[in-house]
Amino acid sequence: MLQLKQIYKVFNEGSVDEKVALNHLSLDLNEGDFVTVIGSNGAGKSTLLNAIAGRLIPDEGDVLIKDKLMNHVREHQRSRYIGRVFQDPMAGTSPTLTIEENLAIAYSRVHKRTLKPGVTSKRRMYFKEQLEMLGLGLENRLSAKVGLLSGGERQALSLLMATFTKPDILLLDEHTAALDPSRAELITSLTKKLVENGNLTTLMITHNMQQAVDLGNRLIMMDKGNIVFKAEGEEKQGLTVTSLLEEFSKIKSGGTLSDKALLI
Ligand SMILES: Nc1ncnc2c1ncn2[C@@H]1O[C@H](COP(=O)(O)OP(=O)(O)OP(=O)(O)O)[C@@H](O)[C@H]1O
């Protein structure tokens with residue numbers, strides 16, 4: 001479903017600030033793979049998601065979605081294939097538009113040919129059904145301006161907007177990190193449900209080791225722009241926070257390791 005071949009990205013090349021953010025990274029995801037992505041600050045996690053989404057173009061390497069080369073497909077064109085949720089709950093929705101209008105925009109991004117002015121009653125029913133899955137009562141507030149929603153409600157709506165069109169790839173960029181613990185838990189369980197229901201191929205960056213262990217069927221750990229540890233299948237299921245920290249410790253050649261090295 002997604003192939004990354006030898007992706008290389010350097011920032012500020014030739015200057016004292018030169019930084020290799022992605023160092024010939026390769027990754028192959030099958031349909032329905034749910035990969036949690038961990039790694040310390042500056043490891044290249046967000047750059048990886050930006051390269052997939054087309055927000056930045058790698059200096060070298062290929063990005064393929066469903067065997068189609070994406071290197072020259074711009075970010076707004078790739079949004080047909082890719083759903084993305086950011087850390088900031090304000091980032092994925094328009095506050096001055098209603099819940100229904102926000103959903104209509106997300107819908108039309110994918111169903112371009114079916115775009116009609118206004119929201120038809122059939123489509124409104126569909127939006128209501130989708131909102132019901134969130135369990136937050138938003139299906140009864142279709143005409144409410146999104147700016148009036150709480151951070152958690154807004155992030156749930158962003159998640160729904162990124163998933164209900166069944167994108168080929170779902171990118172989650174620390175999407176629970178800015179929420180209080182109970183809301184973060186809600187968004188985590190919604191993520192699990194929506195990804196499983198849609199069998200969505202997903203990459204989720206997190207600094208929460210427990211979340212990285214609990215969610216998904218694969219895990220990758222990044223360091224210095226490349227993948228330094230990966231687990232899948234039974235190995236992934238058997239991972240614990242302690243075993244992950246031990247792996248990281250080994251990779252960092254025996255340095256004293258605290259949770260902080262990965263969490264911060
Ligand atoms: N636009 C940019 N210009 C210059 N340097 C950048 C840019 N974007 C990222 N970098 C650098 O590339 C490296 C990788 O950054 P990236 O944001 O991908 O890391 P990350 O693993 O997502 O980190 P964090 O967990 O802190 O979000 C960092 O050293 C960062 O400073």
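The model is a predicted one.

**Strand 3, an enclosed strand**

Start with strand 3, residues 34-38. Five of its five residues are buried, so the strand is largely enclosed by the rest of the structure. Look at its two faces. F34, T36 and I38 lie on one side, V35 and V37 on the other, and all are buried.

Which strands pair with strand 3? One is strand 8, residues 201-205, which pairs with strand 3 in the parallel sense over four bridges. Here F34 stands opposite T202. Another is strand 9, residues 218-223, which runs parallel to strand 3 and is joined to it by four bridges. In that pair, T36 has L219 as its bridge partner.

**Strand 6 and its partner**

Strand 6, residues 82-85, is also covered on both faces. I82 and R84 are buried on one side, G83 and V85 on the other. Strand 6 runs parallel to strand 7, residues 169-173, and four bridges join them. I82 has I169 of strand 7 as its bridge partner.

| Strand pair | Number of bridges | Example of bridge partners |
|---|---|---|
| Strand 3 and strand 9 | four bridges | T36 and L219 |
| Strand 6 and strand 7 | four bridges | I82 and I169 |

**The nonpolar core**

In soluble globular proteins, nonpolar side chains tend to be buried together. In this model, the largest nonpolar core has 65 residues. Which of its members touch the most others? They are V37, I52, L157, L159, I169 and L171. Helix 5 gives the most to this core, with six residues.

Two of those names have come up already. I169 is the partner of I82. Setting aside neighbours within four places in sequence, I169 is in contact with L2, I52, I65, Y81, I82 and T201.

Helix 3 covers residues 99-110. At 1.5 Å a residue, its 12 residues should span 16 Å; the end C-alpha atoms are 18 Å apart, which agrees. Its buried residues are I99, E100, N102, L103, A104, A106 and Y107. What covers them includes helix 4 (121-132) and helix 5 (151-163).

Helix 6 has 18 residues. From its first C-alpha to its last it reaches 26 Å, close to the 26 Å expected at 1.5 Å a residue. Buried in helix 6 are L186, I187, T188, L190, T191, L194 and V195. An α-helix has 3.6 residues a turn, so residues three or four places apart point the same way. Check the buried positions of helix 6 against this on the model. These buried residues pack against strand 3, helix 5, strand 7, strand 8 and helix 7 (209-214).

**Two residues with positive phi**

Helix 6 is followed by N199, whose phi is positive, near 50°. N199 is not a glycine. It lies in the loop between helix 6 and strand 8. Is N199 buried or exposed? It counts as exposed, because it has 12 C-beta neighbours inside 10 Å.

D67 is another residue with a positive phi, about 65°, although it is not a glycine. D67 is found in the loop between strand 4 (60-65) and strand 5 (68-69). It is exposed, with 7 other C-beta atoms within 10 Å.

**Around the ligand**

Now turn to the ligand. The residues around it are F11, N12, K19, A21, G39, N41, G42, A43, G44, K45, S46 and T47. Strand 2 (19-29) and helix 1 (45-53) are the elements that give two or more residues to this shell. Helix 1 has the largest share, three residues. By type, the shell divides into three nonpolar, seven polar and two charged residues.

**I227, a link across the sequence**

End with I227, which is found in strand 10, residues 226-232. It counts as partly exposed, because it has 19 C-beta neighbours inside 10 Å; a buried residue needs 20 or more. How far apart are I227 and S26 in sequence and in space? They are 201 residues apart in sequence and 8.2 Å apart in space, C-alpha to C-alpha. Beyond neighbours within four places in sequence, I227 is in contact with L25, L27, I220 and M222.

Note on methods: Residues are numbered from 1 along each chain as its sequence is written. This is a predicted model: local features need pLDDT of at least 70, side-chain atom pairs count only at pLDDT 80 or more; totals for chains, interfaces and linings use all residues. The expected span of a helix is 1.5 Å times one less than its number of residues. Two residues are in contact if their C-beta atoms, placed from the backbone, lie within 7 Å. A residue is near a molecule or strand if its C-beta atom, placed from the backbone, lies within 6 Å of it. Ala, Val, Leu, Ile, Met, Phe, Trp, Tyr, Cys and Pro count as nonpolar, Asp, Glu, Lys and Arg as charged, and the others, Gly among them, as polar. Two strands pair if DSSP finds at least two bridges between them. A nonpolar core is a set of buried Ala, Val, Leu, Ile, Met, Phe, Trp, Tyr and Cys residues joined through C-beta atoms within 7 Å.
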